Amino acid sequence: MKYELVSGFETHVELATATKIFCGCTTAFGGEPNTHCCPVCTGQPGALPVLNKKAVEFAIRAGLATHCEINTVTHLDRKNYCYPDLPKAYQISQFDKPLCEHGYVELESGKKIRILRIHIEEDAGKLVHERGFTLIDYNRGGVPLIEIVSEPDISSPEEAREYVEKLQLIMRYIGVSDCKMQEGSMRCDVNISLRPEGSEKLGTRTEIKNMNSIAHIEKAMRYEYGRQAEILSGGGKVEQATMRFDETTGETSVMRTKEDAQDYRYFPEPDILTVNIPQSEVDRIKNSLPELPLEKLRRYIDVLHLNAQNARLIYKYKAACDWFEEAVAAGASPKNTLNLIVGTVFSRLDTEEDKEKFDVGISGAQAAELIKLLDGGKINATLAQMTLAKMLETGDGVEKFISAEDMRGMDDGELTRLCKEAIAANPQAVADYKAGKEKAIFALYGYLKRATQGKADVQKATEIIKSLI
Amino acid sequence: MKSVISSLSRLLSSREISSAELTDKYISAIESRNPELNAYVHTTFEEAKKNSAAADKMLKEGGASPLCGIPMTLKDNIATDGLPTTCCSKILQGFKPYYDATVWRKLKACGAVLLGKTNMDEFAMGSTSETSVYGAPSNPRNLQRVTGGSSGGGAAAVCANLAAYALGSDTGGSIRQPAAFCGVVGFKPTYGAVSRYGLIAYGSSLDQIGPITNSVTDAAVVYDAIRGEDEKDMTSCPTEKGKTILTPDVKGLKIGLADEFFDGLDTEIKSAVENAVKKYEKAGAQVMRISIPALKLALPVYYIIACAEASSNLGRYDGIRYGYRAQSYSSVDDMVVKTRTQGFGKEVQKRIMLGTYVLSSGYFDAYYKKACIIRESLRAQLKSAFGTCDVLIAPTAPNTAFVKGYTGGNAIEMYLSDVCTVPVNIGGLPAISLPCGKDKNGLPIGMQIIGDVFEDGKVLSAAYFAEEEKLCELEEVQGGVSL
């Protein structure tokens with residue numbers, strides 16, 4: 001029998017607020033253990049939480065960007081469980097009235113992965129096992145999180161990858177999280193069940209906890225699919241369980257079964273009164289949302305008629321898109337601007353992080369001054385690339401590198417003279433060309449480029465060279 | 001009733017006595033009397049000397065607060081930076097917070113002098129202060145009797161003049177009932193009027209800090225110094241601007257007597273309260289008999305909500321970060337279990353289990369949720385009562401101070417002694433307890449004046465009438481600091 005995969009995700013995203021969710025401590029990653037702490041986030045007796053308004057705002061932002069409805073009257077709840085990384089023995093979270101509900105994340109195919117709810121909560125500390133001791137670092141304790149719970153709408157590891165990537169993109173776009181899975185600022189619990197193809201009824205699910213890389217998610221899902229399929233086709237029953245994924249073996253194993261499921265004894269947090277959010281505040285947040293990534297990509301391709309492959313390279317990086325749009329707004333053509341970003345600017349940005357930041361030294365508007373020359377045929381693409389590189393290097397404007405004389409280009413007589421020189425200096429290449437090696441002509445371009453500092457119009461030069469040989 | 005704070009304040013500001021000298025008097029009184037009273041469980045004389053030196057400087061500069069230089073005490077569940085704060089529990093043995101409760105921060109800024117931390121029921125759970133790990137305090141008016149609880153040590157210290165005033169906490173009557181048992185004044189402000197930051201939580205939605213004093217006038221002065229919104233406590237609220245003005249005029253004051261408070265009440269207590277009400281009536285107050293049926297349900301609602309919150313609030317005492325840790329254990333889980341089993345007393349364990357039970361899935365709706373629904377209906381009924389009445393008058397407790405070690409028929413009987421005080425906490429209301437007579441054994445009887453939320457001033461003024469009228473003058477307990 002063929003089985004269909006049914007998967008829903010619970011995704012924890014750390015919010016990029018400057019301070020923790022219930023106290024004024026910094027949320028900065030790293031730091032000496034237990035230095036980003038105070039009586040509140042270490043659960044000292046008598047300390048009380050004060051809800052960080054920015055965290056609520058960021059969560060609403062995340063909700064609106066995923067098309068959720070916002071519960072403007074809500075409250076927080078205590079989730080009680082005992083673990084050394086949780087200093088109060090309860091996590092302040094939300095249970096029956098999440099801040100955001102009923103949204104979706106759209107995939108490129110147009111399929112919508114529905115979002116059941118998004119709620120706010122605090123992160124726990126971290127246990128470090130060292131030389132037979134367990135040490136606790138509460139720096140992360142109290143960092144604001146949102147938990148994004150999807151409906152079981154994901155039907156393959158590929159869709160799971162896209163869902164997570166799209167979520168990452170959206171959260172980065174709207175500035176609520178950097179979603180770095182390797183640093184733990186985004187983590188996924190993956191729920192998986194199988195059902196016979198065509199069946200409507202959901203099977204028994206397992207939950208793989210704490211996945212911290214997309215590659216692992218795909219691997220774990222494939223493994224778990226295989227494991228469950230084997231049980232089912234052998235006539236067995238999948239037991240509801242929480243699983244862990246072993247990165248080294250690539251296998252999942254049972255952490256605990258339903259019988260040992262914890263009773264969290266949720267009840268409303270008495271230290272934080274009802275949270276009332278004025279509709280005007282929700283509207284303000286809504287109006288401040290940027291164009292979302294998928295909308296942007298579609299506009300780049302459908303409205304600006306950009307090359308789809310290049311558009312995909314840039315739309316992931318919000319700052320790069322902003323730079324692109326600034327240049328276009330200043331009059332540069334979208335096509336040339338995008339080509340220069342992909343060809344010249346990106347080659348200087350090595351890491352994803354650099355591309356994310358897109359801290360390139362000149363503004364999009366400054367670049368537009370150069371690109372407009374290219375658009376108008378005043379300079380050629382090679383010169384544009386070389387000049388842009390210099391501008392990025394120095395942070396100086398275009399006027400520093402291109403003179404009126406440069407822009408005039410080269411008259412035909414001068415170009416013909418240089419072509420003759422090139423032919424004379426490269427007899428072997430000329431012979432090869434004549435023998436049918438089309439590419440041999442490139443050697444002549446190289447000569448021209450050097451002699452003219454890139455100003456030569458390659459197309460025109462080709463015509464001249466061909467006529468001369 | 002004698003206004004100790006105002007008298008001392010006059011002596012201090014006229015420089016007839018320095019705060020340092022006054023503090024020494026209190027210290028020697030405590031040294032001689034505390035061994036039999038056991039009101040203080042930690043003395044902080046070093047801190048007191050520092051505080052009094054600072055106060056004397058402030059007094060010299062002039063314009064100081066009426067509390068400047070006056071020695072006082074805090075209940076052992078109010079956090080004090082670098083000073084023991086143990087909730088009279090083994091599980092917090094040796095615990096010294098590294099932060100001050102907002103109330104202590106405010107009082108310190110006024111020039112208050114901290115003599116020590118006072119005895120209480122473990123984690124404020126009890127009505128006699130006998131669940132304290134340090135043993136029970138004795139009632140200064142009769143050493144064989146309990147002080148009441150849970151703020152029993154504070155009431156005893158004030159009653160015996162071992163402190164000019166005390167701060168207690170009141171979750172279900174823990175300020176008012178010991179005040180009644182010891183024959184002093186205990187004031188529980190409106191929920192939210194005084195910051196809870198630094199008050200070690202028992203039932204977070206019910207807990208409130210308030211003063212225990214020798215007079216209503218003193219209560220108002222202390223209340224004014226500690227009240228107001230605190231950015232560290234989201235449940236705190238702004239209170240009236242300016243100081244509380246006490247007016248003894250009760251003409252036209254509408255006093256409600258709810259039948260439910262008096263049904264089946266001990267006759268001695270009933271007549272003491274009714275005699276007091278007659279004095280109000282004589283002075284022009286309007287007395288009306290009313291009924292608030294949901295009062296009958298207040299006790300179970302209280303024990304469900306308070307225990308539910310406590311079971312969560314006390315989860316943090318696991319031996320990992322502070323306080324007591326079991327000596328030997330085989331794993332982290334084992335350490336937590338052993339620490340809690342050894343560190344918490346019986347009553348606390350009982351309430352944690354009760355609270356865990358009412359919150360657990362399958363029982364949540366039947367207990368906790370139902371209690372919350374009844375809480376709302378009690379609040380609605382109280383609100384409508386305050387639509388017709390300005391204040392309610394009721395007994396503080398259905399009994400006077402128990403004999404020490406009294407266990408009664410069962411635990412329920414002890415829980416029933418809170419029946420008059422818990423509705424106030426469930427409603428978040430302000431209420432004051434003051435003496436209104438004595439029983440046949442010479443033990444003080446307390447009466448309660450209850451107001452609508454944020455009508456703390458009205459409650460204090462109504463009580464001030466009794467003070468001005470000398471409704472009940474109890475003899476001074478000897479051996480303390482006398483003026």
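Predicted model: local features only at pLDDT ≥ 70, side-chain atom pairs only at ≥ 80, totals over all residues.
1. The size of an interface is often expressed as the accessible area that is lost when the parts come together. Here about 2700 Å² is buried between chain A and chain B, and carbon and sulfur atoms give 60% of that area. Within chain A, the residues that lose the most area to chain B are P45(A), L48(A) and R265(A), which together make up 23% of what that side buries.

2. As for the residues that take part, chain A brings 32 residues to the contact, while chain B brings 35 residues.

3. Turning to polar interactions, 13 residue pairs are in polar contact between chain A and chain B, counting pairs with both residues at pLDDT 80 or more. The rule also finds 1 salt bridge across this interface, and a salt bridge joins the side chains of D271(A) and R196(B), with 3.0 Å from N to O. On the side of chain A that touches chain B, the elements that give two or more residues are β4 (77–80) and β15 (267–268) of chain A, and the residues of that side divide into 22 nonpolar, 5 polar and 5 charged.

4. Chain A also contains an open sheet of 9 strands with mixed pairing, in the order β2-β6-β7-β10-β1-β11-β12-β13-β14. Because β2 (69–70) and β14 (251–257) of chain A stand at the edges with a single partner strand each, one side of each is left without a neighbour in the sheet.

5. Inside that order, β12 (residues 206–211) and β13 (residues 241–246) of chain A run parallel and are joined by 3 bridges; I208(A) has M243(A) as its bridge partner in β13(A).

Conventions. Residues numbered from 1 in each chain as written. Chains lettered and ligands numbered in written order. Heavy atoms only, no water. Contact = heavy atoms within 4.5 Å. Buried area = accessible area lost by both parts, 1.4 Å probe. Salt bridge = Lys/Arg side-chain N within 4 Å of Asp/Glu carboxyl O. Polar contact = N/O pair within 3.5 Å; in protein donor to acceptor, adjacent residues only side chain to side chain. Helix = DSSP H or I, 4+ residues; strand = E, 2+ residues; numbered from the N terminus. Nonpolar A, V, L, I, M, F, W, Y, C, P; charged D, E, K, R; others polar. Pairing = 2+ DSSP bridges.
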